[in-house]
Amino acid sequence: MLAAIRSAAVIGIDAYDVTVEVDAANGLPQWTVVGLAAGAVRESRERVMAALVNSGFEVPPRRVTVNLAPADTKKEGTAFDLPIALGLLVATGQLGAEHVRDVAAIGELALDGAIRPVRGVLPVARAMSHAAGHESAVTLLVPPGNVPEARLVSDARLAAAATLREAVLALRAGRLSPPDAPPRAAAPRDAGPDLRDVVGQAHAKRALEIAAAGDHGLLLVGPPGAGKTMLARCIPALLPALTEREALEVLAVHSVAGLLAPDQAPAPVRPFRAPHHTISAAGLIGGGPGPRPGEVSLAHLGVLFLDEMLELPRYVLDALRQPLEDGHVVIARAAATVRYPARFTLVGAMNPCPCGHAGDGGARCVCTAADIARYRARLSGPMVDRIDLHVTVSALPVRELAARGTAESSRAVRERVERARARQHGRHARLGDAVTNGRVSGRWLATETPVAPDARELLAAAAERLGLSARGYHRVLRVARTIADLDGEVAIAAPHVAEAIRYRPAAAPGGTAA
C-alpha cells in the first residue's frame, strides 16, 4: 500500500514542501530511502523502527521504500522521522489515509517514541501559513519543544504531540488542536553596558550614535584598555526595537542555525555577535555541510563586533566586502546555492600598532615605522573604504576615570536614534529594504536629498584633499545625511558635512588613500 505525508525542508531561511511517500510491498524485508537523502535521513530507518515497536505498533516484514519528493533536491536532518513513521503506519493499514489528509508533520523520533525538537521550524511555519492562503488549510504537527517559535507565525495552524503514540491517537480521533500551554518566556538578554557608564570619550560616543542611527560601519582604533570593547557593547542599547517582520527574519536565521532554545519563547531582540579572531572564513560568512549560516547572517539586523580586528587573516576580512555592500550572502556549492540575509552593522576594534601603544602620549611604543605599516596593511584599502566611521579612542588618565560624570544614558540617545530612523523610513519607504542611510544608494541620496550649495562645495573639496574614491564620497554623504536626521534637518548643511569628514581617514591603514 502507498501512503503520502506532507512535510517540509529548509534551504537558507526559506522552506519548501516535501512529500514523504512510503510504499510497503510484499517481498523480502528491506528498507530503501530515495530522494537525495543525506546520512541523517538514511539513518531514520533505525529510529523509526525502534520508535514504532516501543510505541506499541506493528512493523510487518515488508519491502519498504521511502521517497522524498522532489527527488532532485538534497534532504538533510532528522525532521523527516515523524512523517516517515506516520506514512509507514498508513501504508501498513494501522492509520487511515483520511486522518493525515490535511496534516503536515516534522519532528525527530527518539527510540522510545518521544518527538524531539528540530531546526528550522519557524521557516516551515511561515511557509505553511503562506500556502494556506492559496489552498485548503493545513495543520502543522510539530514537536512540543518547537511550539514557542512556531507560534510566532500568528496565522499558522499548529498542533503538537509529545510522543508518536499520542500523535497517532489524536489523528485517529480527529482531535488535533492548537497547543494551549503558554510558552515559557526566555530569560531577558543582557543589553550590555549603558553609555553613562563610559567616562569621557565624547567623540566616540557621538560616533556610536551616528552608527546606530544610520546603520553605518564603525572602526575604533586605540591602545589596550582605552574602552573600545565597552563602547562597542553599548550599541545594542542604542538600536530601535525590531518590527514584527524584522523579528521573524532574525529568528528564522537562528532557527535554521539551531540557536533557539526549546520550550522557550524566543526573545525578538537585535543580535550582537562577537566571534573570536581565530574564526575561519566559513564560520564568518557561512558554509560547511548544508551549508549553515555564518556570523554575518547570525548578526542580521544587529551588530557584528570584530574585536582585535587586525588579528583576523586578511582574506577573512576581505570576505566581508560583498556582504557589506549587498546585505546578503550567496553560498554556492555543487549540490545547491543558498542565500542568507546579512544586513548587519559592522563594528571593529583594533590597536594602532603591534604593541598597541603608538600615539598614546607616552614613549612605550617599540614598533618601527615598517612594523606599523605592515600591521595596518592587514586591513585592505577596499575594506577601509566600506567602513563609514573611523574613530580614535585615547586612553584616559586614571584620575579622570575615578571622576563621576553626568553623561547621557543609552535611553536618551536611543530616543534620538529612533526619531532619526523614523525620518529615514519615511524618506526611503519606496526603496524596499534600503530604509537606512547606510544602505541607500549614494547616487540616490545625491540626487533626491536636498544638499546646501556650500555643503556640496565643502564635500567636493574634501574629496580632492583626502583622495576619496567614488564610494568614499558617497559614504561621507550618507553619514552627513544621518547627522542631519539626528538634528531634525531636511537639507544637508555644511556643518553636517564637516562632521562627517572628521570620521574619514586621510589614508587607509595600509597607507593608500581611502
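Select Asn-437 and Thr-482 to begin, where a polar contact of 3.0 Å joins the two side chains; a polar contact here is a pair of N or O atoms within 3.5 Å, and within protein one must be able to donate a hydrogen and the other to accept it, with residues adjacent in sequence counting only if both atoms are side-chain atoms. The model on the screen is predicted, so that local features need pLDDT of at least 70 and side-chain atom pairs count only at pLDDT 80 or more, whereas totals for chains, interfaces and linings use all residues. Residues are numbered from 1 along each chain as its sequence is written, and side-chain values use heavy atoms, with hydrogens and water left out.

Staying on Asn-437, you will find this residue in the loop between helix H17 (410–427) and helix H18 (442–448); helices (H or I, at least four residues) and strands (E, at least two) are DSSP runs, numbered from the N terminus. Asn-437 is buried, with a relative accessible area of 0%, where buried means under 20% relative accessible area, exposed over 50% and partly exposed in between (1.4 Å probe, protein chains only). Setting aside neighbours within four places in sequence, Asn-437 is in contact with residues including Gly-214, His-216, Arg-478 and Asp-485, contact meaning heavy atoms within 4.5 Å.

Next, colour helix H21 (residues 494–502), whose buried residues are Ala-494, His-496, Val-497, Glu-499, Ala-500 and Ile-501. The buried residues of H21 pack against helix H7 (202–214), helix H19 (453–466) and helix H20 (470–486).

Now turn to the open sheet, in which 5 strands follow the order E13-E16-E19-E11-E20 with parallel pairing; two strands pair if DSSP finds at least two bridges between them. Strand E13 (272–273) and strand E20 (389–392) stand at the edges, each with a single partner strand, so one side of each has no neighbour in the sheet. Within the sheet, select strand E19 (residues 345–350), where 6 of 6 residues are buried: Thr-345, Val-347 and Ala-349 cover one side, and Leu-346, Gly-348 and Met-350 the other. Strand E16 (residues 303–306) runs parallel to E19 and is joined to it by 4 bridges, with Val-303 opposite Thr-345. Strand E11 (residues 218–221) also pairs with E19 in the parallel sense over 4 bridges, and here Val-221 stands opposite Met-350. E11 pairs with E20 as well, in the parallel sense over 4 bridges, and Leu-218 has Leu-389 as its bridge partner in E20.

For the cysteines, the count comes to 0 disulfides, a disulfide being a pair of cysteine sulfur atoms within 2.5 Å. Cys-355 is in no disulfide, and the nearest cysteine sulfur, that of Cys-353, is 3.5 Å away. The sulfur of Cys-367 is 3.6 Å from its closest cysteine sulfur, in Cys-355, which is too far for a bond. Cys-355 is partly exposed, with a relative accessible area of 24%, while Cys-367 is buried, at 17%.

Finish with Glu-108, in strand E6 (residues 108–109), which is buried, with a relative accessible area of 18%. The side chain of Glu-108 makes a polar contact of 2.9 Å with that of Thr-78.
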